[in-house]
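Please view the sequence and the model first.

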Amino acid sequence: MDKIVIEGGVPLKGEVKISGSKNSALPILAATLLAEGTCRIKNLPLLKDIETMLKILEFLGAKIKIRKKAVEINTESVKNIPAPYDLVRLMRGSVCILGPLLARFRKAIVSLPGGCIIGPRPIDLHLKGLEKLGAEIEIDKGYIKAKAKKLKGRRIFLGGTFGSSVLATANLMMAAALAEGETLIEFAAGEPEIVDLANFLNKMGAKVKEAGSHLLRIKGVKKLRGVSYRIIPDRVEAGTYLIAGLITRGKVSIKGAISGHLGAIIDKTEEAGAKVEIKKNSLYVENSQWPLKSVNLITLPYPGFPTDMQAQFMVLMCLSEGTSVITERVFPRRFMHIGELNRMGADIVVEENSAIVRGGRKFVGTRVMASDLRASAALVLASLAAEGKTEISRVYHLDRGYEGLVEKLTGLGAKIKRTN
Ligand code: EPZ
């Protein structure tokens, strides 16, 4: 099992290039199942989750050619066989092949995605939406079995207990793209990744309007053609490096990020006293004052503060002056990073879906264990600011969502190495 060892206390300096977005690439790769012909997807991040999605497509019969940071996918020979549990369980995001398979074959069998450590991952909204389009769905021995004589567009309310759902919106958008008539998705997710998927579908010949709003309009078409498409940069990776620059009191330029996707993150770090300069296609961050102030935070669907940045922001608040209250409104139990942060010197207590973070602490290096993608990123950030050496085990969690993490941090001057 690989480990990452970090010698903390080095202010990061220089520039880091942001990779393509994992959460945009996954539904877009699934959408290639809708194309008659070959798709060429560019700026794909080389990540475990992307590999898993490509393995699933290949298992279904897609022909895949990996080029340098691009992939050519021809799904003409795809057969409609069950997407297997041992691949689907590796990644929750694989549930977004359900919509395209149903749209293309009028039937689909996909393993239920397992839960994961950030909490139960229900898919009731996915299933409700597809049923409203005319699918009959049953759950049988851990598999979702969906079939539809035809898919007919209609108005569908997709809001759930926690508001909008990103992948349920993606699934429904992809199914509606080939449905008969117009589909209106009310309380759709408006994340940049949803807009990216809509742009890809429209380039293939779909008719998706108002992507990014909470009222998505999709006019079904007969067929979609293979196209080439470039994935947007990863806003969560960009936000993670922004925190890395702040927490090490460094001066970091984040190249290739779309600052328009980082509004809530920039707003919160500036409220804490950070200096963030937005340039055309990059972001410059430096600490104008130390310690920063503690600020309260609530995670919300986009454009609110992203739940995928909650753990990373919490690490920064441990070193800020005062106390901050961080509330999870998207995944109420997404606090598995707290145990390990407290072992490194943090003082955080959980009250329901809020964490009370006492600031003014300092991190001391020790041995910690990664547990989930963004919790592991939080441990890396704490280690970069810690006194002494930290050894992080189970780093495969990081490989799922951070391309070239060790190389990128080394490029910023961090004392980091990966051992096995
Ligand atoms: C996407 O997951 C992202 N994953 C997650 O990123 C991200 O945290 C999440 O959106 C929220 O932004 C990918 O895009 C691959 P949701 P998704 O459906 O779509 C509840 C990361 O670290 N819900 O928007 O699965 C759900 O339990 C990952 O990169 C239902 O109740 O999340 C949650 O409380 C982690 N019923 C809330 O909605 C449903 O049918 C939002 O979840 C579906 C979801």
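The sulfur of Cys96 has its closest cysteine sulfur in Cys39, 14 Å away, which is too far for a bond. A disulfide requires two cysteine sulfur atoms within 2.5 Å, and a search of the whole structure finds zero of them. The model is predicted, so local features need pLDDT of at least 70 and side-chain atom pairs count only at pLDDT 80 or more, while totals for chains, interfaces and linings use all residues. Residues are numbered from 1 along each chain as its sequence is written, and side-chain values use heavy atoms, with hydrogens and water left out.

| Residue | Relative accessible area | Class |
|---|---|---|
| Cys96 | 0% | buried |
| Cys318 | 0% | buried |

The domain assignment gives domain 1 (3-19 + 233-419) and domain 2 (22-230); such bounds come from an automatic or database assignment. The C-alpha centres of domain 1 and domain 2 lie 30 Å apart. Contact (heavy atoms within 4.5 Å) involves 23 residues from domain 1 and 21 residues from domain 2.

Buried area is the accessible area (1.4 Å probe) that two parts lose on being put together, summed over both. Between domain 1 and domain 2 this is about 1900 Å², with carbon and sulfur atoms giving 55%. Within domain 1, Tyr302, Arg400 and Glu403 lose the most area to domain 2, together 31% of what that side buries.

Two salt bridges cross the interface of domain 1 and domain 2, each defined as a side-chain nitrogen of Lys or Arg within 4 Å of a carboxyl oxygen of Asp or Glu. Asp49 and Arg400 form a salt bridge, with the closest N and O atoms 2.8 Å apart.

Terms used. Buried means under 20% relative accessible area, exposed over 50%, partly exposed in between (1.4 Å probe, protein chains only).
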